[in-house]
Amino acid sequence: MSAYDFVIIGAGIIGAAVANELSQKRPGAKILLLDKASQAASQQTGRNSGVIHAGVYYPPGSYKATFCRQGLEETLSLCKQYQLPYEQCGKLLVATEDNELPAMEALFARCEQNALSPQMLTANRIRQMEPNIRAQGGFLVRQTGITDYKAVTNCLLQLAKARASVDIKFNHKVVQLVEQSDSVNVVASSPAGEKVYQGGFVINCAGIFSDTLIRSQGLACDFRMLPFRGEYYRLTEKYNQVASHLIYPIPDPAMPFLGVHLTKMIGGYTTVGPNAILATGKEVYEGIFSSQSQWLDIFGKADIWKLLWRFRKSVLSELRSSLSKTYYAKLVSRYCPGITAADFLPYRAGIRAQAVDQNGNLIHDFKFISSPLSLHVGNAPSPAATSAIPIAREIVSRIF
């Protein structure tokens with residue numbers, strides 16, 4: 001049995017950031033990082049929109065707002081220091097109908113509460129700044145940027161390995177955690193068979209599978225991680241320069257998601273998306289087919305039906321956007337006229353890991369569950385990629 005001071009489960013950006021933070025706090029420690037995939041950042045981290053968020057939407061004083069504001073600065077600093085790709089292009093939030101203006105003004109006020117110094121814009125000013133965009137009004141958040149989060153993740157891992165003894169083992173799926181008086185046995189399946197690693201302390205950063213690992217350790221877990229698939233499209237080449245900023249609609253405050261947005265990407269192209277569709281399995285990135293056990297895992301409890309009923313209007317709209325490219329294109333053409341389904345090219349989908357409580361309520365903020373020798377990141381909602389460095393600092397502060 002191999003022994004380590006710390007075992008981290010999950011080689012996404014949060015797991016990588018925790019390894020980096022531990023390497024700074026305990027440079028002499030032996031650290032093991034396990035991931036079921038064949039490379040780092042292959043799931044949620046590597047499939048997101050690449051946006052460095054500024055904290056537009058989050059309640060002042062919440063973990064989301066605090067971590068996002070800190071994470072924005074620290075992610076940009078990391079990119080600058082290590083020559084990682086990034087651009088601080090800013091985000092333009094636009095109201096396409098007069099009835100969206102009150103929600104826009106409320107969101108503008110929240111930005112001010114979160115110390116973002118937004119700039120309110122008239123319809124004419126928006127047209128001057130972005131000739132391809134049409135809106136009744138909007139505002140600009142200059143701090144927002146874009147990056148390549150796979151590159152950020154790999155940078156954090158390299159920094160950790162340079163400071164401490166860090167072993168990274170891919171294709172290792174953790175199936176059980178057994179906590180003892182002075183260590184935790186981490187049982188993992190691998191191509192070479194079952195492996196058991198001993199950790200003085202275990203940090204669970206497994207994202208969509210975090211609740212599974214919490215329960216495997218026998219800890220109480222009063223929520224589930226549910227997979228919401230975000231479907232994106234890449235626009236044809238003629239739209240590579242359609243906007244110089246990120247373009248976001250004003251979200252419906254009664255709905256849980258942000259709406260389909262226009263995102264310039266590192267690499268010079270533009271994507272639209274995502275919608276938000278409940279997937280039939282935790283890693284079902286396409287279609288509706290999955291195993292019977294996966295179906296039962298998602299749909300076999302009352303919480304999901306309560307959630308779907310509560311947001312039935314949004315559920316139907318999101319489902320329609322998944323089934324019809326034409327409808328999806330109409331959502332974008334509200335603020336960017338001329339875009340049609342014919343302009344859509346295939347692009348990767350992502351899974352957003354969302355915690356839901358037993359009453360079918362979305363858990364919007366971060367949630368941590370701990371035992372004497374383990375800490376589980378039970379919910380790390382968007383913007384977790386932006387916030388990874390301060391999240392890691394919070395995690396490590398809870399250990400020592």
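# Rings, cores and strands: a quick tour

Let's start with a charge and a ring: the charged end of Lys30 sits over the ring of Tyr4, 5.1 Å from its centre. "Over a ring" has a set meaning here: NZ of Lys or CZ of Arg is within 6 Å of the ring centre and within 35 degrees of the ring normal. Arg312 does this too, with its charged end 4.1 Å from the centre of the Trp309 ring.

Before going on, some housekeeping. This is a predicted model, where local features need pLDDT of at least 70 and side-chain atom pairs count only at pLDDT 80 or more, while totals for chains, interfaces and linings use all residues. Residues are numbered from 1 along each chain as its sequence is written, and side-chain values use heavy atoms, with hydrogens and water left out.

Okay, rings with rings. How many aromatic pairs does the structure hold? There are 15. Rings of Phe, Tyr and Trp (for Trp, the six-membered ring) pair if their centres lie within 6.5 Å; planes under 30 degrees apart count as stacked, over 60 as edge-to-face, and the rest as tilted. Take Tyr233 and Tyr328: the centres are 5.1 Å apart and the planes at 85°, so this pair is edge-to-face. Tyr233 belongs to strand 14 (residues 233-235) and Tyr328 to helix 10 (residues 325-333), so the pair ties together parts that are 95 residues apart in sequence. Helices (H or I, at least four residues) and strands (E, at least two) are DSSP runs, by the way, numbered from the N terminus.

Tyr328 also pairs with Phe344: with 5.7 Å between the ring centres and the planes at 85°, that one is edge-to-face as well, so the label follows from the angle. Phe344 is in strand 19 (residues 344-346), 16 residues from Tyr328, and the pair links distant parts of the chain. Are these residues buried or exposed? Tyr233 and Tyr328 are both buried, and Phe344 is buried too. Buried means under 20% relative accessible area, exposed over 50%, and partly exposed in between, using a 1.4 Å probe and protein chains only. Elsewhere, ring pairs link Tyr63, Phe67, Phe366 and Phe368 into a cluster.

Now the inside. In soluble globular proteins, nonpolar side chains tend to be buried together. A nonpolar core, for us, is a set of buried Ala, Val, Leu, Ile, Met, Phe, Trp, Tyr and Cys residues joined through side-chain atoms within 4.5 Å. The largest one has 67 residues, and those touching the most other members are Ile8, Ile14, Val18, Leu93, Phe139, Ile203 and Ile395. What does Val18 touch, not counting residues up to four places away in sequence? The answer is Ile8, Ile203, Cys205, Ala392, Ile395 and Val396. Apart from this core lies another, of 24 residues, and our friend Tyr328 is among them, along with Leu121, Ile133 and Ala243.

Ala392, Ile395 and Val396 are also among the buried residues of helix 11. Helix 11 (residues 388-399) has twelve residues, so at 1.5 Å a residue it should span 16 Å; the end C-alpha atoms are 17 Å apart, which agrees. That expected span is 1.5 Å times one less than the number of residues.

On to strands. Two strands pair if DSSP finds at least two bridges between them. Strand 13 (residues 223-230) and strand 20 share eight bridges, and Met225 stands opposite Ala355 in strand 20.

Next, strand 11 (residues 184-190) and strand 12 (residues 193-204) run antiparallel, joined by seven bridges. They make a hairpin with two residues between them, and Asn185 stands opposite Gln198. Strand 12 also runs parallel to strand 22 (residues 374-379), with three bridges; there, the partner of Asn204 is His376.

Last stop: Gln358, in the loop between strand 20 (350-357) and strand 21 (367-371). Is Gln358 buried or exposed? At 54% relative accessibility, Gln358 counts as exposed. Leaving aside neighbours within four places in sequence, Gln358 is in contact (heavy atoms within 4.5 Å) with Asp222, Asp303 and Lys306. Gln358 and Asp303 are 55 residues apart along the chain, yet 5.2 Å separates their C-alpha atoms.
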